[in-house]
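Let's take a friendly walk through a helix pair, a chain contact and a nonpolar core. Have the model open beside you as you read.

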Amino acid sequence: MNLLRVQSDASKVMALPYDRTPGYWQTVGQRLLRDKVAIVAALVILLLLLLALFGGMLTPSDPYKTSMLSRLKPIGTANFPLGTDELGRDMLSRLMVGARLSLFMGITPVILAFIIGSAVGITAGYAGGYVNSLIMRTIDVFYAFPSVLLAIALSGALGAGITNSLISLTVVFIPPIARVAESVTTQIRGRDFVDAARASGAGAFTIVRVHVLGNVLGPIFVYATSLIAVAMILASGLSFLGLGVKPPEPEWGLMLNTLRTAIYSQPWIAALPGVMIFITSIAFNLLSDGLRSAMEIKG
Amino acid sequence: MASDQPLLEVRCLVKHFPLKKDLIGRGGGVVRAVDGISFEVREGETLGVVGESGCGKSTTARLLMHLINPDQGEMVFDGAVVGSSDMPIKRFRRQAQMVFQDSYASLNPRLTIEDSIAFAPQVHGLPHKESIARARDLLARVGLEPRRFAERYPHELSGGQRQRVNIARALALQPRMIILDEAVSALDKSVEAQVLNLLLDLKDEFNLTYIFISHDLNVVRFMSDRVMVMYLGEVVEIGDSESLFQAPLHPYTRALLSSIPSMDPDQRTEFPPLQGDPPNPINPPAGCRFHTRCADAESVCSQRLPKLVSQSHNHSAACLMLEADSGHRKARHLLSQ
Amino acid sequence: MLFFLIRRVIYTLPIMLGVAMVCFALVHLAPGDPLVSILPADASQEMQEQMRKLYGFDRSYPEQFASWIWRALQGDLGTSIASSRSVSTEVMKAVGNTLRLAAMATLIGFIFGCLFGFVAGYFQNSWVDKAASLTAVLGVSVPHYWLGMVLVIVFSSILMWLPASGAGPGGSDVWAWNWEHIKHMLLPALTMSVIPMGIIARTVRALVAEILAQEFVVGLRAKGLTDLGVFLHVVKNSAPTALAVMGLQLGYLLGGSILIETVFAWPGTGFLLNSAIFQRDLPLLQGTILVLATFFVLLNLVVDVIQTLLDPRISRS
């Protein structure tokens with residue numbers, strides 16, 4: 001606790017720095033900073049994000065330039081530190097630029113689903129009664145599909161391409177987030193301070209804004225972060241099947257697909273893109289776990 | 001004259017809660033939490049409400065605050081029906097406020113104390129700065145130094161301090177009436193005494209009217225001018241505090257009072273005053289709801305519903321023994337009067 | 001109890017209807033003419049009309065939906081545009097293959113998951129716990145299709161112990177529980193088991209830690225219950241949830257097997273789905289998704305019922 005005691009005279013009482021304690025999020029941040037595993041994970045993610053944003057400018061070679069002569073050169077070749085792919089393109093460059101699309105395809109659907117799912121779930125949770133039943137039963141229908149199946153079916157229906165994949169992934173993640181949102185909101189709704197707020201004469205929107213959101217968005221957010229790794233794997237999986245990103249764009253899942261034929265000749269090169277997905281996924285999972293631990297504080 | 005008109009008049013309030021059937025089809029039925037109660041509260045007085053768990057006290061409190069809607073009945077505040085155009089609910093909220101039992105659950109853990117208190121005034125249009133100033137002022141009035149407490153969070157305060165905050169919050173809209181629903185029940189005795197004294201001081205200072213709900217009879221006697229006794233969703237006795245405590249009319253009230261432990265060893269009770277368990281509000285007994293536990297019960301008690309009958313000015317009870325033509329043996333002597 | 005079962009089943013019906021509607025809608029979302037894959041580009045107008053009539057594409061959506069559902073309930077899911085065989089036959093055959101794989105994977109995942117989870121929860125915060133938990137995190141984080149590829153590289157390409165693809169001699173039609181066939185199943189099942197293993201390990205760890213921390217366990221120990229007794233007690237209390245999670249994982253594997261099946265060319269529903277998508281074979285697509293989703297819903301139902309039967313708290317609340 002930080003106590004700020006300052007000498008003053010009585011007339012300045014109202015303007016003085018008051019006894020203050022760190023707020024909720026500051027406490028969470030402090031706890032997170034003490035979690036070494038989470039810090040490492042966060043740094044890895046930061047690195048990947050930087051790669052995604054600036055990778056294009058830092059690549060040693062042109063990630064799109066093909067060369068029939070330099071196909072599938074092994075790791076450690078002169079100009080190609082990580083070898084080349086089946087069309088002669090530099091693997092290192094492709095992996096670096098691939099970060100952009102792979103991360104984008106993984107994170108964006110979760111962000112969109114977070115916004116839409118939270119809105120739907122909080123509405124259902126606060127409203128209760130018929131509205132709640134209607135919304136949640138509809139969600140249940142989508143929940144009745146295993147997520148991979150739904151994603152693939154939607155993608156298959158809409159067709160390949162980045163936008164369609166984003167749409168189908170967002171739709172897949174809305175139900176679980178909405179469920180969590182509804183559950184947490186219903187819990188908060190039943191607490192006395194919400195009744196006290198209603199007794200003050202505040203309208204529903206004000207109550208949700210001031211009292212509900214602050215208590216509810218945290219847990220929903222943590223849940224959403226735990227979905228990022230899954231989203232990434234699923235997004236890359238779609239590209240792996242040919243339903244997501246289209247060639248020649250570099251995306252880790254797509255690269256795994258096109259390199260499958262090289263399993264026998266250059267197995268380690270074929271496995272590289274998957275290593276990137278693996279690392280990213282581990283990092284997000286560890287960070288999300290750390291966040292969840294840091295948030296499990298009373299009050 | 002304005003002083004003759006009660007501040008609050010409750011007429012035949014009814015609230016039933018339907019029970020859901022579970023997946024197997026068990027359950028169903030209705031909890032008759034509040035089954036037609038009527039009473040008045042006069043300005044400036046403290047009306048105590050007592051009863052066992054399940055008698056409908058808390059439901060009544062929430063009905064009075066319009067946190068739940070009554071199935072039947074109405075409330076008249078200051079001469080205007082609450083919910084009508086003369087007294088829309090939002091305006092009523094400025095007149096009546098509530099302090100809840102669980103001091104921790106009634107405060108938003110994410111808001112600072114002063115923000116919690118300032119919320120209601122802001123909702124009603126007071127600008128932020130002035131709301132905060134009022135919040136700090138109220139904190140001082142309830143005995144919490146604003147410098148130390150205003151920017152703290154609920155989890156850093158003790159139970160007693162939190163209840164003071166809740167009281168300050170109830171005062172923020174400058175209401176005329178405050179409903180205290182078991183407001184001191186969860187506190188330690190010494191803290192309870194301090195908070196009760198605070199409540200009395202505030203009542204004088206702000207000319208408040210209190211409805212004080214509690215299961216602790218000693219506290220109710222200390223605080224109240226009039227007392228209302230509830231049993232299974234109905235009012236069984238209501239009257240002047242001293243009159244009720246010294247000469248209770250209803251057998252239930254008598255049983256309750258005799259269950260107060262006394263410090264005097266000569267006043268030991270040898271028999272439990274009440275027999276049996278409190279019956280279920282889902283299927284209340286027919287006729288007088290108390291008859292299953294009443295030592296004076298007769299067959300007529302399970303057939304007729306007693307009405308509130310005044311015995312003297314300001315003291316009424318609902319018991320067939322007090323109704324002259326009820327058919328109860330003990331009521332016969334009234335016929336001759 | 002029978003009453004409860006009937007009610008629970010009745011609750012599933014509207015969900016199934018919704019699922020069927022979503023199924024139907026999904027497939028008809030697709031832009032493009034469904035007949036493109038069967039007819040040559042220069043087919044006459046008359047031919048096109050005939051084909052349209054044959055497949056019912058000329059009727060309105062609600063009509064198509066109603067007749068599709070009606071026939072589906074009788075077991076007829078239409079005819080595949082690409083292969084001209086009955087969709088039901090194709091799907092059922094594929095389901096059999098996928099079920100075998102998924103069941104094996106779930107079993108492996110369950111066994112190892114429980115092992116890791118138990119050990120981690122029992123020896124909470126020791127290095128054993130950290131190692132087991134780390135394995136669980138890895139299991140959950142790995143992109144399973146990539147893992148499949150890596151296993152193929154290691155065991156097929158380099159070591160040459162196991163085959164890389166297919167379901168064994170006889171292709172997708174014949175199955176026998178002999179080594180000739182099982183060796184084809186090992187790699188895909190192992191790959192598929194990793195994610196359930198991770199999830200079950202995490203769940204079991206949390207459960208065990210929670211049970212051990214409860215005060216009544218301390219009480220039991222104080223009464224002299226041996227370690228074995230405590231162990232059995234923990235098992236008894238964690239079993240319902242662990243089994244429930246396993247059941248759900250089986251469901252996910254059934255629905256989500258497409259990626260692994262693609263890597264290993266395993267002739268299951270995922271593989272079927274894949275070809276249906278790329279050939280725009282609408283009846284096959286619709287039928288496959290419907291069957292998979294139905295399995296998933298029924299599985300959830302079974303898990304719910306078993307959990308209720310096993311957990312006295314739920315059935316009495």
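In this predicted model, α4(C) passes α5(C) in a left-handed crossing. Helix α4 of chain C covers residues 87-122 and helix α5 of chain C covers residues 127-141; their axes come within 8 Å and cross at roughly 145°. On the α4(C) side, the contact is made by C:F116, C:V119 and C:A120. Facing them from α5(C) are C:V128, C:D129, C:A132, C:S133, C:T135 and C:A136. Sorted by class, this contact has six nonpolar, two polar and one charged residues.

Now look at where two chains meet. Here, 35 residues of chain A are in contact with 37 residues of chain C.

By class, the side of chain A that touches chain C divides into 26 nonpolar, seven polar and two charged residues.

Finally, turn to the nonpolar core. The largest one has 247 residues, and those with the most contacts inside it are A:A231, C:I200 and C:A293. Helix α8(A) gives the most to this core, with 18 residues. Which residues does A:A231 touch, not counting residues up to four places away in sequence? They are A:G106, A:P109, A:V110, A:L169 and A:F173. As background, nonpolar side chains tend to be buried together in soluble globular proteins.

Note on methods: Residues numbered from 1 in each chain as written. Chains lettered and ligands numbered in written order. Predicted model: local features only at pLDDT ≥ 70, side-chain atom pairs only at ≥ 80, totals over all residues. Axes fitted to C-alpha atoms, helices over the stretch in contact; angles between N-to-C directions. Helix = DSSP H or I, 4+ residues; strand = E, 2+ residues; numbered from the N terminus. Left-handed = near helix turned anticlockwise from the far one by under 90°. Contact = placed C-beta atoms within 7 Å. Nonpolar A, V, L, I, M, F, W, Y, C, P; charged D, E, K, R; others polar. Core = buried A, V, L, I, M, F, W, Y, C linked by C-beta atoms within 7 Å. Buried ≥ 20, exposed ≤ 12 C-beta atoms within 10 Å, placed from the backbone.
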